Amino acid sequence: QVHLGESGGGLVQAGGSLTLSCAASGRTFSTYNLAWFRQSPGKEREFVAAISWGSGVADYADSVKGRFTISRDNTKNTMSLQMSSLKPEDTAIYYCAAADRTWGWAIRRTQERFGYWGQGTQVTVSS
């Protein structure tokens with residue numbers, strides 16, 4: 001069982017930076033693949049980035065590649081998303097999510113395989 005909670009959202013100007021954090025409870029945090037998803041008004045929730053449970057391999061959506069960096073600290077049960085060169089189209093509610101490692105890395109972009117979710121944090125990028 002993992003409980004997740006995001007923080008760090010806010011209002012930022014285009015071109016600026018913001019770092020989101022996801023704090024987790026649970027002794028087996030290190031055995032979960034983790035990811036960030038986001039949902040903009042009127043749009044479906046979409047994949048942003050994921051990081052594997054073991055080697056820490058990362059994967060990014062094309063729209064954020066080169067601008068966002070995902071990381072995790074298993075000693076602190078935390079995950080972060082460093083966002084830079086932010087654009088108005090990055091405006092969304094950002095969610096962290098965890099998937100049991102038994103699903104494998106292949107499901108990293110599949111929301112339905114993530115059994116644990118945070119409540120979300122709002123990121124607004126003004127132009």
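Predicted model: local features only at pLDDT ≥ 70, side-chain atom pairs only at ≥ 80, totals over all residues.

Visitor: What makes strand β3 and strand β8 a pair?

Guide: Strands are DSSP runs of E with at least two residues, numbered from the N terminus. Two strands pair if DSSP finds at least two bridges between them. Strand β3 (residues 18–25) and strand β8 (residues 78–83) have 6 bridges in the antiparallel sense, so they count as paired.

Visitor: Which strands form the open sheet, and in what order?

Guide: The order is β1-β3-β8-β7, with antiparallel pairing. Because β1 (3–7) and β7 each have a single partner strand, they stand at the edges, and one side of each has no neighbour in the sheet.

Visitor: Why is I70 called buried?

Guide: Buried means under 20% relative accessible area, exposed over 50%, and partly exposed in between, with a 1.4 Å probe and protein chains only. I70 has 6% relative accessibility and therefore counts as buried. This residue lies in strand β7 (residues 68–73).

Visitor: Which residues does I70 touch?

Guide: Contact means heavy atoms within 4.5 Å. Not counting residues up to four places away in sequence, the contacts of I70 include L34, W36, I51 and L81. I70 and I51 are 19 residues apart in sequence, and their C-alpha atoms are 6.8 Å apart in space.

Visitor: What makes strand β4 mostly covered?

Guide: In strand β4 (residues 32–39), 7 of the 8 residues are buried. β4 pairs with strand β9 (residues 92–100) over 8 antiparallel bridges, and A35 stands opposite A97 in β9. Another 5 bridges join β4 to strand β5 (residues 46–51), also antiparallel, where L34 stands opposite I51.

Visitor: Which residues have the most contacts inside the largest nonpolar core?

Guide: A nonpolar core is a set of buried Ala, Val, Leu, Ile, Met, Phe, Trp, Tyr and Cys residues joined through side-chain atoms within 4.5 Å. The largest one has 37 residues, and W36, L81, M83 and Y94 have the most contacts inside it. Its largest share, 6 residues, comes from β9.

Conventions: Residues numbered from 1 in each chain as written. Heavy atoms only, no water. Helix = DSSP H or I, 4+ residues; strand = E, 2+ residues; numbered from the N terminus.
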